[in-house]
Each structure stands twice: as structure tokens, then as C-alpha cells.
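Trainee: Could you walk me through how to read this model, one feature at a time?
Mentor: Gladly; let us look at it together.

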Amino acid sequence: MTEDGLIRTNITDRQTEFLSESIGLYLLFLVEQERKEEFAEQVNVLSTYFLDKSNLIAWRIEDKDGKMERSTVNAWIDDARIVHALYEGSDAFGEPAYAELADAIARPLTTIATKDGLPVDFVDMNTNEAGNVITLSYLDEAALRWMGPSSSLYTNSRNLLAEAPLSGPFFAKSYDMSTSTYAFDEEINLIDQAYVALRYEQFGLPTDSFYAFFQNQFDDGPVYGRYDRQTATKTVEYESQAVYALAVFYLLERGEREFATRVMDRLQTLAVSDTSSKYVGGQIDIMTNETHAFDNLLPLLAEGGLLDGYLVP
């Protein structure tokens, strides 16, 4: 984190890049942990650096020689997560201003950032031109529930998931409104799959095939970051902290607390355990400094969720 409260994407080649994804996840963590002052500081960071005059949120900003360059597009999932966090923060901290800000962001998010009654991945905030694709993991049930009274997005999003085909145990990646078709990745990113599985469970939709696949992979150990869609075999040799963290939320949604605890135990073995290291507890390769904010923020949320009750990211 910088002195100004911005969360670096990593600490090597992207340390001057800051994502709305990071601020949304951190806001949820701060609500979960009842850290009122830090939440207020992050809301100030959001308003100062990320919030566009359209009330949508730039998905990325970058410090270029002391000048902050802001992306001209948003990311629906990141905006929705922040809306969710602001509503939760308003309730938790008794601050109506947070709900008012959430309302302001939700208005364009449920109007210009939609097409055919569904969210779209992004909007060009200069032209209001919306994309044609929605990534299924973007359908944040909790955020849509907060925004539900003002739109039909909740029902339409649930129906989109319910009607999506499966490929073996795997979910579709996205839906294209211009062609009314679902798409699958040939190489399955398990972060995306775990997120979609979580969304299905949030909406009360079945995920038994994916559950069986994940359970088998975990029991045989370890779970890898990517798999071939046709053969369901690994295509990489690495584990993903984000996959395990998302799996904790997914399993909690299924009522599988004991399994979620075992997954958390595995996740914690990937953290730095050397108490003399300044990175102790962090999800980072201390030899290369390779890390990512996402791979630290999700485990933070998941660990807090197992201890104290959880907010789905």
C-alpha cells in the first residue's frame, strides 16, 4: 500500500498500477473486520482517484511520473463489488453517505452499463458505449440483490446462469448478447470456475458436477490453476491462492464448513511462515517477490469469513 492508501497490483513490474478490483475486495474486508476508520480512508481513495464523473469507476489507474492516468472503461464486477461494500459499510458503521454513494454508482451501473436487461463487462465512460459480453463470474448476487429494487437485473442474471450449458464439470465462461451464445474456454482457469460456482450457489442453483470435480482434485491433491476442458486434466503445475480462497466461500455457501476448513488449511501452507520475514503471512514468493494483490486480499477475506461470518466477494 502506498502512503496515499492505494493498493499496488504487485511489488515488481506493476507496483505503479492500482485496480478497482483491489479497493473493492479491501472494502469488503474492512467491513467484515469492523475497521471503520480505514474504511473511510478507502472510500476517500475511491472518490479521489477512481470515481468518474459518470459515477462509474475506472477499473485501473497508473502513476506515470507522478501523474495518475485513469482508464476510460469500468469493469462491472468491480463496480458492483464496491456498491455492495458501500451498502454494507453504511449499515455497519451507520453512515448514510456510503449508501448515497452506492446509489450514485448503482444508477449508471443498472442503466448505461447494461444491455438487453443484463450487465455488460464494461462501458466506455467517455462515449457510454457498452460491450456485448457478460462474463458469468461477474454476476455478483449480493450486489445485484442490493440493486434489485431498481431493476430486473437480478432475475435476468439468475436466469442466464440457470440456462447456461455445462461442459463436463465446467461452467461456461461468458455470454454474448449480440449472438445469444455462451462461450467456453478450452483451457479452463479455475479461478473463473470457482467464482462461477460461487455465483451459482448464491443464486440457489446446482453445482454438483463441479463440486465432485473439485473434491476429487483436492483429495488427490493438489488443485492446480488451469485444466484442459476436454480431458479435465491439469495444464499447469502451480496452485492458486485465489482458487483456494474462492473455494472456501463456495463451500461455505454449500454448507460444507469442514471441507472449507481443510481448504483453508491448504491455503495457509502457501503463505510465508518465516516470522523473521517482513512478508510473514503474505502470499508471495520471497525469492522473486512475485505476488498479486488479488492473491492476498481473497485469502484475507476467506480467513476472516471462516472466523467471523463472511461477505461474499
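Mentor: Let us begin with burial: buried means under 20% relative accessible area, exposed over 50%, and partly exposed in between, using a 1.4 Å probe and protein chains only. Phe-259 has 2% relative accessibility, so Phe-259 counts as buried. Over the protein, 54% of the 313 residues count as buried.

Trainee: What kind of model is this, and how are the residues numbered?
Mentor: This is a predicted model, in which local features need pLDDT of at least 70 and side-chain atom pairs count only at pLDDT 80 or more, while totals for chains, interfaces and linings use all residues. Residues are numbered from 1 along each chain as its sequence is written, and side-chain values use heavy atoms, leaving out hydrogens and water.

Trainee: How many helices and strands does the protein have?
Mentor: Helices (H or I, at least four residues) and strands (E, at least two) are DSSP runs, numbered from the N terminus. Here there are eleven helices and twelve strands. The radius of gyration is 19 Å, close to the 20 Å that the globule rule gives for 313 residues, so the protein is as compact as a globular protein of that length. That radius is taken over C-alpha atoms, and the rule is 2.2 Å times the number of residues to the power 0.38. The C-alpha trace spans about 55 × 50 × 40 Å along the principal axes.

Trainee: What describes a pair of aromatic rings?
Mentor: The distance of the centres and the angle of the planes describe such a pair. Rings of Phe, Tyr and Trp (its six-membered ring) pair if their centres lie within 6.5 Å; planes under 30 degrees apart count as stacked, over 60 as edge-to-face and the rest as tilted. The count by this rule is 19 aromatic pairs. In one of them, Phe-170 and Phe-213 have ring centres 5.1 Å apart and planes at 75 degrees, so the pair is edge-to-face. Phe-170 sits in strand β8 (residues 170–171) and Phe-213 in helix α8 (residues 208–220), so the pair ties together parts 43 residues apart in sequence. Both Phe-170 and Phe-213 are buried.

Trainee: And how do the planes of Phe-214 and Phe-259 lie?
Mentor: Their planes are at 45 degrees and their centres 6.0 Å apart, so this pair is tilted. Phe-214 belongs to helix α8 and Phe-259 to helix α10 (residues 257–269), so parts 45 residues apart in sequence are tied together. Phe-214 counts as buried, at 3% relative accessibility. Ring pairs also build a cluster, with Phe-170, Phe-213, Phe-214, Phe-259 and Tyr-227 among its members.

Trainee: Is Gln-215 buried or partly exposed?
Mentor: Gln-215, in helix α8, counts as partly exposed at 27% relative accessibility.

Trainee: Which residues is Met-125 in contact with?
Mentor: Contact means heavy atoms within 4.5 Å. Met-125 lies in the loop between β5 (118–119) and β6 and is buried at 5% relative accessibility. Leaving aside neighbours within four places in sequence, its contacts include Asp-52, Leu-56, Ser-71 and Val-73. Met-125 and Ser-71 are 54 residues apart in sequence, with 9.0 Å from C-alpha to C-alpha.

Trainee: Where is Thr-135?
Mentor: Thr-135 is in strand β6 (residues 133–135) and is buried, with a relative accessible area of 9%. Beyond neighbours within four places in sequence, Thr-135 is in contact with Asp-121, Lys-173, Ser-174 and Asp-192.
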